[in-house]
Amino acid sequence: MIKKVLFVASLYKPNIGGIETAIEELAKEYKKHGITSTVLTKQYPFDLPLFDNDDGVKIIRIRRPHTDEEYIDALKTLLSNKELKADIIHVVGVRRPLPLFALFLARYYNIPVIMTFAGDDVIHDEKNIHIWREYEDDSRNSIIQAKNYISYSEGITKAVYKLFPKLGPVTTVYAGMDMKKIESIPPFLSDKKYIIVARRLVYDKGIDLLINAFASVLKHDPELYLYIVGDGDEKENLQKQVKKLKIENRVIFTGGISLDELIGYLKSALIHICPSRIEGGGIVNIEASACGCVPIGSNVDGIPEYIQDNKTGLLFESENVKDLTNKILFLLNNERARQKFIKNGYLFAKQFDLSEIAKQYLRFYEQATPPGEIISWSPKSKKMCEVLNDKK
């Protein structure tokens, strides 16, 4: 019987993103089942406290280790922290270094560890492949020895098997959302006619493509606004792009906002665009459908599993600004089609309600198995195994 879950993720609140939201919402749903949750994450930004509490969810942050000695010291600290004892460990996103610690904690407590592949942790292009390669040996061996695997989409699963051709079965459990909560949130009150994008502002998310498309759309609909929700390393470049195109009076950067605020914005928006270059799936596409906001997304990776083309929304050819422009204009000028997508989208979104998604996770937890004896693969991992054995 599962009474406590330890979530492990590279980033968590107050950072805002799909993984952070997924864990927060799952923890709330588990609470209804009498299950408590703790989150182990990195200390980022660096001024965040190492120990925190968010609505009953304990948050334990560690400084990211770099040297072998720092890894070993971090493991000793984690093994001594009884707050991390749980019935199961659920890793969401296999970004280094935390999957490594999750494996050792699972072995220490003899409990299952589940690796959930979220998207850009395993889907790479030439601009982010270095993130994987930097600690590939640790990540690869931690994942292989974990035994239990979930992904957010079939598109992600394909990417997983490219990296791990001999990996065991990977079960697809889609990201979920709280439909009752979404329905209870009032719309954002605005006299503006706008479309919206809610993504982390990084290159992979393709916001630059949308800005170029929006500049073309404005030639046909000059009263339209674009809301860009989120923060990230590309924000300054995107603002410069908007200024260069002379559309700064029609583009609004909101910065990072809460999920409740985002739902309000989506409820008043005409269209949500997900122009990602790589993407595991994008729960925001389902959230948009639940809010009566028609989603448009690029036809990459897992997005077609979260947007049913020409049924709940539209897909455009990735990197094709003209195609994206045409799809936006089609929805702006075809109210009948938009209403069809709104109706179909709401029914589709109900399948992603957290009450059902949580049950799928809990069933998976009950069938998961603990890792065996950890097989070291490097001098560092050998020393960590020695620390583990000394602690037992």
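Analyst: Helices (H or I, at least four residues) and strands (E, at least two) are DSSP runs numbered from the N terminus. The model is predicted, so local features need pLDDT of at least 70 and side-chain atom pairs pLDDT 80 or more, whereas totals for chains, interfaces and linings use all residues. Residues are numbered from 1 along each chain as its sequence is written, and side-chain values use heavy atoms, without hydrogens or water.

On a 1 Å grid over the protein atoms alone, a pocket is an open set of points where a 1.4 Å probe fits, with protein on both sides within 12 Å along at least five of seven lines; lining residues have an atom within 4 Å of a point. In this model, 14 residues line the second largest pocket. Those nearest its centre are Arg61, Ile62, Arg63, Ala74 and Thr77. Strand S4, spanning 57-62, and helix H2, spanning 68-79, each provide at least two residues of the lining. The largest share, five residues, comes from H2.

Two proline sites can be taken next. Lys13 and Pro14 are joined by a cis peptide bond with omega near 10°. Pro14 belongs to the loop that runs between strand S1 (4-8) and helix H1 (18-32). A cis bond also links Tyr44 to Pro45, where omega is about -5°. Pro45 sits in the loop between strand S2 (36-42) and strand S3 (51-54).

Accessibility separates other residues. Buried means under 20% relative accessible area, exposed over 50%, and partly exposed in between (1.4 Å probe, protein chains only). Cys291 counts as buried because its relative accessibility is 9%. Cys385 is likewise buried, because its relative accessible area is 12%.

Lys147 has phi near 85° and lies in strand S7, which covers residues 147-151. Lys147 counts as partly exposed because its relative accessibility is 46%. Asp301 has a phi near 50° and is placed in the loop between strand S13 (294-298) and helix H12 (303-306). With a relative accessibility of 32%, Asp301 is therefore partly exposed.

Two further loop residues give a sense of distances across the model. Lys192 is located in the loop between helix H7 (179-184) and strand S9 (193-198). Its relative accessibility is 30%, so Lys192 is partly exposed. Residues up to four places away in sequence aside, Lys192 touches Tyr225, Tyr227 and Ile252. From Lys192 to Glu305, 113 residues apart in sequence, the C-alpha to C-alpha distance is 31 Å.

Asn334 lies in the loop that joins helix H13 (321-333) to helix H14 (335-349). Asn334 counts as partly exposed because its relative accessibility is 26%. Asn334 and Pro65 are 269 residues apart along the chain, and their C-alpha atoms are separated by 53 Å.

To return to the request, helix H2 supplies the largest share of the lining of the second largest pocket, with five residues.

Note on methods. Contact = heavy atoms within 4.5 Å.
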